[in-house]
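Biologist: Please take one part of this model and go through it closely. I would like the helix and its packing in one connected account.

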Amino acid sequence: MKEDPQDKLDKFQLSLYLMPLFGPIWSLVNLNYKSNLEQKEKKTARLSLRWGLIWLIVYGSLWMGGNITSDIWAVRLLYLNGVVTTIYFLMCFILISSVWTQKSKR
C-alpha cells in the first residue's frame with residue numbers, strides 16, 4: 001500500500017520535534033509562535049520539550065557536580081552523565097522510529 005505524501009510530511013514534522021538537542025528548540029518555537037498546531041503536534045512538542053528540559057537539567061547538574069568534586073566522584077558523575085545522555089538520544093531515536101512505523105489514520 002502506497003503512503004500518502006501528506007502523511008509522510010506529517011511524520012517528518014513530528015520527527016523534527018523528536019530530534020535530540022534540536023527538537024526541544026523547534027518545539028518551543030512552534031508552541032509559542034504557531035497557533036494552528038494539531039493536537040498530535042502539540043502533544044509531541046510538549047513531550048519533546050519536557051524530555052529536553054529534563055535532560056538539560058540532569059546533564060548540567062552532573063557536569064557541575066563533576067567539576068566541583070574530588071577526582072573519583074568526578075569520574076563517576078561524568079560517567080553517569082554519559083549514560084544519561086546516551087539514554088536521551090536512544091529514547092529520541094526510538095520515538096522517531098515509532099512515529100515512522102505507525103499506520104496512517106486517514
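Modeller: What covers the buried residues of α1 includes α2 (22-33), α3 (39-68) and α4 (71-101). This is a predicted model: local features need pLDDT of at least 70, side-chain atom pairs count only at pLDDT 80 or more, and totals for chains, interfaces and linings use all residues. Residues are numbered from 1 along each chain as its sequence is written, and side-chain values use heavy atoms, with hydrogens and water left out.

Helices are DSSP runs (H or I, at least four residues), numbered from the N terminus. α1 covers residues 5-18, 14 residues in total. From first C-alpha to last, α1 reaches 20 Å, close to the 20 Å expected at 1.5 Å a residue. That expected span is 1.5 Å times one less than the number of residues.

Now burial, meaning under 20% relative accessible area with a 1.4 Å probe, protein chains only. The buried residues of α1 are Asp7, Asp10, Lys11, Leu14, Ser15, Leu16, Tyr17 and Leu18.

Next, the core. A nonpolar core is a set of buried Ala, Val, Leu, Ile, Met, Phe, Trp, Tyr and Cys residues joined through side-chain atoms within 4.5 Å. The largest one has seven residues: Leu14, Tyr17, Leu18, Leu37, Ala45, Ile96 and Val99. α1 and α4 are the elements that give two or more residues to this core. α1 gives the most, with three residues.

Methods: Buried < 20%, exposed > 50% of the residue type's maximum accessible area, 1.4 Å probe, protein only. Contact = heavy atoms within 4.5 Å.
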